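Here are my notes on this structure, for a colleague who has not seen it before. Please keep the model open while reading.

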Amino acid sequence: LKSNGQTPEGFPLATGAGATGTALLADLNRDGTFELVAPDRFRTLYAYSLPIARASDPAAIWLMLGGDPQRTSSLPAARTPTPLASAAGPLERGSLKAFPNPARNTAVKFAYTLSEAAEVQFTILDASGHEVASFTRAGQRAENLEIWDPGALPAGLYVARLRFHGARGEQKSTLSLGLLR
């Protein structure tokens, strides 16, 4: 739905009577925006990039990935947003997550994907900026999972600062963490 609660014009383009399956809303290409995947009655899936909230760019409304509304399997370059340049460094954009967050008497897991082997430094700060924990891990070119046990730290808001240092460069990222007791 649009911000005014109305269905966008032309949606749903590929679905309708007899559609088999359920639509899926997810960030499939990990670019920070959602894509909508919807089936038609012939069990073909269509993916739509959701509109970018820019009133100055009417061509960015309901882009259809892999085909246009006439199903000609062509997408004009004028209707395709330009991808952002990839960041120098090993962390794949959008892959860093911390869970459970907030954590209730349990360890916090950090999940991330690296494009190359890298040294990963974790620094955990309390709300006043004091360091309460730090550790370093060797990250692999793949999906990684690290576990931090907050032990007896009091409930509150914490900040995790992560530094990813690889052969192509260095990246830094921060995450807010909540601890409940």
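1. Start in strand S2. Leucine 36 lies in this strand, which covers residues 35-39. Strands here are DSSP runs of E with at least two residues, and helices are runs of H or I with at least four; both are numbered from the N terminus. Leucine 36 is buried, at 11% relative accessibility. Buried means under 20% relative accessible area, exposed means over 50%, and partly exposed is in between, with a 1.4 Å probe and protein chains only. Alanine 23 is 13 residues from leucine 36 in sequence, and their C-alpha atoms are 6.9 Å apart.

2. A word on the source. This is a predicted model, in which local features need pLDDT of at least 70 and side-chain atom pairs count only at pLDDT 80 or more, while totals for chains, interfaces and linings use all residues. Residues are numbered from 1 along each chain as its sequence is written, and side-chain values use heavy atoms, with hydrogens and water left out.

3. Now the overall make-up. The protein has 0 helices and 12 strands. Of its 181 residues, 31% count as buried. The accessible surface is about 11,200 Å², and carbon and sulfur atoms hold 55% of that. These areas come from the Shrake-Rupley method with a 1.4 Å probe; for residues, only the protein chains shown count as cover. Among contacts with a separation of 6 or more, 48% are between residues 24 or more positions apart. A contact means heavy atoms within 4.5 Å.

4. Two strands pair if DSSP finds at least two bridges between them.

5. Look next at S11 and S12. Strand S11 (residues 156-166) and strand S12 (residues 169-180) run antiparallel and are joined by 11 bridges. Alanine 160 faces leucine 175 in S12. Glutamine 171 also belongs to strand S12. Glutamine 171 is buried, with a relative accessible area of 13%. Its side chain reaches the backbone nitrogen of leucine 91 at 2.6 Å. For such polar contacts, the cut-off is a pair of N or O atoms within 3.5 Å; within protein, one must be able to donate a hydrogen and the other to accept it, and residues adjacent in sequence count only if both atoms are side-chain atoms.

6. Valine 108 has tryptophan 148 in S10 as its bridge partner. In a regular strand the side chains alternate between the two faces of the sheet.

7. On to the rings. The whole structure holds 4 aromatic pairs. Phenylalanine 110 and phenylalanine 122 have ring centres 5.2 Å apart and planes at 55 degrees, so this pair is tilted. Rings of Phe, Tyr and Trp (its six-membered ring) pair if their centres lie within 6.5 Å; planes under 30 degrees apart are stacked, over 60 edge-to-face, and the rest tilted. Phenylalanine 110 sits in strand S7 (residues 108-113) and phenylalanine 122 in strand S8 (residues 118-126), 12 residues apart. Both are buried.

8. Which kind of pair do phenylalanine 122 and phenylalanine 135 form? They are stacked, at 4.5 Å centre to centre and 15 degrees between the planes. Phenylalanine 122 is in strand S8 and phenylalanine 135 in strand S9 (residues 131-139), so the pair ties together parts 13 residues apart in sequence. Phenylalanine 135 is buried, as is phenylalanine 122. One aromatic cluster takes in Phe110, Tyr112, Phe122, Phe135 and Phe164.

9. Last, please check the backbone. Most residues other than glycine have a negative phi, and most peptide bonds are trans. The bond joining phenylalanine 99 and proline 100 is cis, with omega about -15 degrees. Another cis peptide bond runs from asparagine 101 to proline 102, with omega near 10 degrees. Proline 100 lies in the loop between strand S5 (97-99) and S6. Asparagine 105 has a positive phi, near 50 degrees. Asparagine 105 is in the loop between S6 and S7, and is exposed, with a relative accessible area of 54%.
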